[in-house]
Structures are given as structure tokens and as C-alpha cells.
2 protein chains.
Amino acid sequence: MKHGWAAAAQSGRAASQQGMRRQNLALVMTTVAAHGPMSRAAVAERTGLTRAAVSSLVDELHSAGLLTESGSVPSGRAGRPGRALALSERGPAGLGLEVGVGHLGACVVDLRGEVRVWLRVAAANRNRRAEEVLAELTAVSERAVGEARASGLRPVAAVLAVPGLVGDAPGTVERAPNLGWRDVAASELCAHGLPLEVDNEANLGALAELWQGAGACDFIHVSAAEGIGAALVVGGRVFRGARGFAGELGHVPVRPDGPVCACGARGCLEQYAGEEAVLRQAGLGRGEDAVRRLASRARDGDRRALGALERAGEALGTTLAGAVNLVDPAAVVLGGAYAELGDWLLPGMRRELATRTLRRWPPEALLVSALGRRGPLTGAGMAAIRRIIEDPAVWRPTD
Amino acid sequence: MKHGWAAAAQSGRAASQQGMRRQNLALVMTTVAAHGPMSRAAVAERTGLTRAAVSSLVDELHSAGLLTESGSVPSGRAGRPGRALALSERGPAGLGLEVGVGHLGACVVDLRGEVRVWLRVAAANRNRRAEEVLAELTAVSERAVGEARASGLRPVAAVLAVPGLVGDAPGTVERAPNLGWRDVAASELCAHGLPLEVDNEANLGALAELWQGAGACDFIHVSAAEGIGAALVVGGRVFRGARGFAGELGHVPVRPDGPVCACGARGCLEQYAGEEAVLRQAGLGRGEDAVRRLASRARDGDRRALGALERAGEALGTTLAGAVNLVDPAAVVLGGAYAELGDWLLPGMRRELATRTLRRWPPEALLVSALGRRGPLTGAGMAAIRRIIEDPAVWRPTD
DNA sequence: ACTAATTTGTTTTCCGCCCTTACGAACAGG
DNA sequence: CCTGTTCGTAAGGGCGGAAAACAAATTAGT
């Protein structure tokens, strides 16, 4: 009989005192970020650290410009009032960038998670040279950075949202079919000298939902834009899979013998609920604001539009029911462009989810994103600054 | 515009020196477990700790009876040879228990991960009173514990594998339809005074595969026994979902209009690849060793058996293709009773997976478990002792 | 108004743990 | 036999959190 523990089972790094300090700095930051302005004593109680330790940690974060101390806040009860700690609104900030098929975007998010600058310009990027697109994006982002500086903010990291796959090489887009990109090294854009990370727009939209939404920390975020993508958020982190390709909801089979898909298989979800398929069934052509036109037709009671949305919702529901059975998320969030179509998609989805999920998966766990289209760019900005919150030690104010 | 970080985004605990020590003890244990007998210096190099720190940690683990020191091992190179450290084969051990529909099992696994005692007795447990079953299991497990003690082992924790759902309450089975159990508090069994944990057999089978297999640490383990269950292993841990119900592969829809399932929905995978459906299509009745009979018929070239297995493999493949698109695992492992049917299931599965997965998911990533039926019980024993390896601080030799 | 009680934040002391450095031990090679 | 190398251990130092004590600021009670 074979024995022994497989090598794959090992994990973890050595814990040192520096690592301990680092972890506790992060703990204070995330605690203040999550639970609003609060006193040192409240932080201590919530984290389990002593008040003395919290004081020391707060000192360090304060002198780094990450935490600010407002005046006394009367607690209502007896005793000396605590001094409210909050994340600085003038410290480092995150720069979010987005390349869409029809637009470019840039935003700046401060430490508190508030969007302080928001720029979005129309641009026909389909099959345009990547260098050109990135040059224009650089211009947009420089405007955003300028406005941020004027408000006392200092963008220190950037995240770019793209409608495509990001591979192993950091800062590069492996494939973005709708843009016609292939192996584009987007870090070239980094003219600001900021470290730039690239991620899929669906993943970033999900993160925005995680950080802004009423939020569970385990959910599936469905983001229908050109294709149908899903992001699995597990324990507050996007689950990327072994090779980074997780979340390809659009090519989960709905009917094994269904229509042939561009991917070569039959009956993929995209053939039922993809933008192109829905528009075709609704009798609409593709175009810039096709989704908006579809929504207005549905509002007017157009039979074909309503039927197409009904069928799309049903197919989405069937597929998501399978995903729910497999993953058991606390919620399913409908985001991206389809958030605007929620009114007409939801009934079919709910019906399918209700009949096809075991253990009475609660129907109220199916949500529509409040961010909708703004999700990816918002998420990019938040992800950029979130790195500092989750590891304040990387931030040196002297830089 | 809404702002602020959702409360869900917080995580992590305070790091203290005790926690640091604890983590490093675990690091040494897992390193030695994963990379065989090795010297202190080798542990230091691999973990990043200093040789001095490793010495101190090893001392503590040695005096707790968890590590043993063999004689000098010449490294071949110049210099003083190191003394080989290995996990003790006489220290604490894990007790694995299993209640199946047709059998009871108990095993004892030592720190090295080796199965030292293995007992399995036939028993007709379907719709039998839980108390009776557990009493008989207690008898079996006492025999196993006795044999283990005779070899110098000391079972210190137990894990029970059941074909059912384990809920929030620790140590209780929420539902096990094939046994007819409902809200059974299995911890009552704990006559040995050992702490007992209960888990689903599919999850434990997956863990056995993780720890014994050549193993990736992200994979989907399909375990077909009575129902069809799957366990998602993510980063070396079983992913249980928000409510602990993840992995219900059997009720993922294959054909939305297919035959009605016991769950109320239509076209669930179980209707195509479940044991009952396959046996019916193959013209076989249910029975104790039905799977074995099916395999022998297939070996003999029986048309109906081959056809049934072909169709089952295809349905499994379709469903798994969807799961692979969603989760992007490094491997899919076919375990449980169906491992014995791999020869006939695999072709259809491979075909479906090849056509329906994007990004050419490598066909060699579809594996058949070597453990097969022995998976859950093995995994239970390993899980029991693994707790001590992953947190040696919980183990007090004085007990 | 004045005191007691309570809560906050800081200071001081202490302890644990890892790191650095140094040293003895054990082996291979010339 | 001597040298170079590697292994394990020991001593000293620094860092970081815990525990306890103290000062500060407010409420409650009389």
C-alpha cells in the first residue's frame, strides 16, 4: 500500500517577527477600512490585540500618512471618549484604467474606497492598434492623475481592466478577441512610473461588488458584456483556477445538441444568452448601445425583445443552477451590461434556480449589481489602492 | 456615489509570538512530511528559517514524540553528515471510520501517512437504526484501536466518513438519504474519548487523493457512489461553499428537458450517469456488488452494458466540461466506485471534455483514482492525523 | 459643584522568539 | 595528518507583542 504525504500538500512560509508586524499593520488597516471610523480601543477589542500594540501600530500608520485622527468622539457611555481613526483622504490613491470595445476609462480611488475622479471617453477600439489605444488611454489617465493631484491625492499603483485573458506574464494581455489583441504588454503604458497590473474586467467587476456591495464574501458574479464571463469570489478573493482561466461561464453547455458555437462545441450558454444571440432573437442589430435599445424595447412591451430576454434568462438560470449546485455560493450577482436587463432576465433565472437547486437555495440570494457597467473600472481603482490597505508595509511615504 | 469598504472585506487574526511559533512548528512538520527524511539544515534551507531556529523547533517536536531522529546520513558531499529527521511511526495516529450502505470500516493511519490497520466488514445499513449502526461501528473501531495500540500507536483523533451531508453542527450528520439518517449526532459514538469529526465521503476521498496522489493541489474529484458527488480541492483544501453544500454534481442539469429526477428537476446528471440509471440501462438490478457485475459484463463485451457506460461517460463528460470551464482545475480525478469503470467511461468523457473546454484543457489531466473505493476511509484516517501535522501545538503528549 | 466610576491612550517592564555570529563536531579529499 | 566543508548548537541582541500601571477625559451620582 502506497504511503507518505504527497509533496503537493506542503504550504506556508516561515513566520518571522517582521512578518508578524506586517500582518498586524494590515489587520489594523483592514479593520478600520471595514468598520468605519473607530477608536484605538475599538480596534483592539475587535482584533484581539492589546491597546498598547494598537497604539504602536497606529502611530506607524499615522506617520506614514495612511491613517488620520479626527477629534474626540463621545461614545455616549461613561469614560474618556476615544479619538476616531479613519483612513486618510489625502494619502496614496489607486488609479483604475479600462479599455473597453467602445470606450476608455480612468478613475482614482482614495484609501477610503471613494471614487474621487471619474473619466470615461468614447473610443472605437475594436481592431485598432494596441499601441494607439494605449497611447490614448495614457492621455486620459494623465488627466485623471492631474485632477487627483489637485485634490491632494497621490496615485501610487494602477490596475487595468481589459475584456480578455491575462496570462502568467505580469502586465500583459494574452488574448482579447473583441479588441483584436494578442500578447500585448500593457505595462509599456506605465509612463507615470506607477506599477501596473492587468486583470480581466469580469474579475474586477466582481471585486467592486465585493468591496462596495452589501457583500457576502463567497459569490458568483456574472458579467455579460461581449462574452459571458463569471468570476468566482471565494473567501473574499477572486478564484482564478489552476491556469487562470476560471469563470468561462459562456461556454458551459446548456443543451448538448444545441446550435454550434464559435468555440466549436454545441449548445454553449453564449448561444442562448450571449449578447449577439439575444440581439438577433430580438430582431436588433449589434451596435454601440445595443443593450440600451433592447432595454427600451422591452420596456415598451415589444414581443420579440421580451421573448428573447425570457429565453436568455432561462438559459442563464439553468447554467447558474448547475454552478450553484457545484459551488454553493452565498449569492449570485448579475453585473456588467446585463444588470440593466435584470427586470426581464430575473424571472426566468429565478424559476430555473428554484427548481434546479437542491437545499432550497434562497431566491433572494440572486442579486442585480448596483454598479452595472461601472463595475470593472471601479474595481480596478479599488484593487489598486486595496493592495496598500492589505499590506501597508509596501508603502513608503518617502518615495 | 456609494463609497467605503464593505465589512465583508475584513479578514485575518492578530499575529502573536505564540502564533508565530505555532506556525513554524507546523511548517517544520509539513516540510518533513512532504519531503521525506531530511536533515535540520535541509529543513532550514527549504523553509527559510535559520538552522538555529529549526533546531529549537525540532527539539520541541522531538520531545513531543512527533519527530524521530535516525542515524547519520552521508550526503555524499564533503562535510559533516546531517541526522535524518522523520515523522514518528510510534507517536499519535489518526482513526478513520466509515459508514457505507453495505459496509462499515475503520483504519488507523500513522504520522507518516501510512495505513497501519485496515478493517472492513459487510453490513446492511440501509434504513437501519443509526444507534445500532454506530454501536457496531464502535465495536469495529475498538478492534482497530486495539491493533494499533499493539503496534505502539496512539489514536488521538477520529474522522467519520458518511455518504451524506454534514451540517453546521459539528459531529452530526444532517441528512444521509441512502442510510435513512437525519440529524444523527455521531459524536455519541465517541466512546474512546477521542474527538470525532464527521465529513462527507466524497470530500474525504478527495483528500486521500490529494495526499497520496501524484497530486496537483487544485482539482475536481468525482466520487460516484450512490449519488454523484464532487469535491473541489482548491489550494490543498476542500472547498465547501457558503453553506457547506458545494459539490452536488449529480444535480447539475445535462438536458433541461430530460427525465424527471428525484430532486424534482429535469435532466439532472444523476438521471444519466447515476448508479441506478446506468444499471437500469445495462439491464442489471441493484445489489451489493452491482458495479462489479457491471464491470465484468462490460469486460465480456455485453452490448447493453457497454452502451450504458458509453452514455454515462458522455453525460459525465458534458457536465464536467462545464465544471472545468467554470473552475479551471489542474486535474479531474474519477474516484469512488466509478474508478473501476474508468476503462469504459473515460473515452466518452475525454471526447466531451476535448470539444467543450476552451483553451485545450489537456486530456491527460483526466485521471482515474488508484484508491477507488478505499478513498473515503483512507482519507478519513489521514485527515484525522493530518490535523496534528498541520498544527502540532494542539497535541500534548501528557494526555 | 464635587467626587466616584469608567473608559481611553500611553508608558514601562517583561518575556518569547527568531536572527546573527561564533564555535565544536564530523566527514571527504589530498 | 591537515584542510576545507557542512552540520548542529550555544550565546548575545533586537524586535514586537503582553501585562500592568498610570494619566487623561468624560459621565453618573449626590
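Predicted model: local features only at pLDDT ≥ 70, side-chain atom pairs only at ≥ 80, totals over all residues.
Local features need pLDDT of at least 70 and side-chain atom pairs count only at pLDDT 80 or more, while totals for interfaces use all residues. Residues are numbered from 1 along each chain as its sequence is written.

**Exercise 1.** Describe the extent of the interface between domain 1 and domain 2 of chain A.

Solution. Start from the bounds, which come from an automatic or database domain assignment: domain 1 of chain A covers 18-72 + 83-87, and domain 2 covers 92-206 + 376-394. Next, take the C-alpha centres of the two domains, which lie 29 Å apart. Then list the contacts (heavy atoms within 4.5 Å), which join ten residues of domain 1 to eleven residues of domain 2. Finally, the buried area (accessible area, 1.4 Å probe, lost on putting two parts together, summed over both) is about 820 Å², with 76% given by carbon and sulfur atoms. Of the area that domain 1 buries against domain 2, A:Arg22, A:Leu66 and A:Leu87 supply 52%, more than any other three residues.

**Exercise 2.** Identify the salt bridge between domain 1 and domain 2 of chain A, and characterise the domain 1 side.

Solution. Apply the salt-bridge rule (a side-chain nitrogen of Lys or Arg within 4 Å of a carboxyl oxygen of Asp or Glu), for which the count between these domains is one. A:Arg22 pairs with A:Asp391 in a salt bridge whose closest N and O atoms are 2.6 Å apart.

Conventions: Chains lettered and ligands numbered in written order. Heavy atoms only, no water. Nonpolar A, V, L, I, M, F, W, Y, C, P; charged D, E, K, R; others polar.
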